[in-house]
Structures are given as structure tokens and as C-alpha cells.
Amino acid sequence: SSATSLEIIFKSPSGTSTTQTASLYTDGTDGKIFYTSVDGDFNVVGTWRIQTKIGIGGGTFRSDVGSFKVYENL
């Protein structure tokens, strides 16, 4: 809850990175943040990578890197 910045970094299959501002899911005690995507955010089909970046107490901390798949619409 005392974080000074909350960000989620998305890296597309083509290698382009985008950083989005995140919000606390609750009051911060659960350690969860979220970002609500908008149309066009995930416009490349394939495996995307994701990582959080949190500024707190004068330091910057990053999560492990995760991944998710974006599929083509029918």
C-alpha cells in the first residue's frame, strides 16, 4: 500500500515492450495489482511476456517473468 509506482510491462511476440500503470487490487495488503486492458493492447497473436515493476521505499522491485497466449479471433 505504500508503493510509489505500480507498473506492468508487456512484451509482445514481436519484441515490442509496453509499460502500463497498474492499480492496487484491494488495499495492497494482499500483494495484488491489476491493469484493465483496452482495445488494441494485445494486437499481436502469440506468446506475450509479462512482468510487474513496483517502486517502494526508494527502491524498484520486479516480479518473475510470466507469459500468456493471445489467440486470433474467429
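Which residues make up the largest nonpolar core? In this predicted model, where residues are numbered from 1 along each chain as its sequence is written, local features need a pLDDT of at least 70, side-chain atom pairs count only at pLDDT 80 or more, and totals for chains, interfaces and linings use all residues. Side-chain values use heavy atoms, with hydrogens and water left out.

The largest nonpolar core has 7 residues in all, namely Leu6, Ile8, Phe10, Ala22, Trp48, Ile54 and Val70; such a core is a set of buried Ala, Val, Leu, Ile, Met, Phe, Trp, Tyr and Cys residues joined through side-chain atoms within 4.5 Å. Strand 1 and strand 5 each supply at least two residues of this core, and strand 1 gives the most, with 3 residues. Strands are DSSP runs of E of at least two residues, numbered from the N terminus.

The structure also holds 7 aromatic pairs, where rings of Phe, Tyr and Trp (its six-membered ring) pair if their centres lie within 6.5 Å, and planes under 30 degrees apart count as stacked, over 60 as edge-to-face and the rest as tilted. The rings of Phe10 and Tyr35 have centres 5.9 Å apart and planes at 55°, so this pair is tilted. Phe10 lies in strand 1 (residues 5-11) and Tyr35 in the loop between strand 4 (33-34) and strand 5 (46-56), 25 residues apart. Tyr25 and Phe34 form an edge-to-face pair, with 6.4 Å centre to centre and 85° between the planes.

The table gives relative accessible areas, with buried meaning under 20%, exposed over 50% and partly exposed in between (1.4 Å probe, protein chains only).

| Residue | Relative accessible area | Class |
|---|---|---|
| Phe10 | 7% | buried |
| Tyr35 | 22% | partly exposed |
| Tyr25 | 54% | exposed |
| Phe34 | 36% | partly exposed |

Methods:
Helix = DSSP H or I, 4+ residues; strand = E, 2+ residues; numbered from the N terminus.
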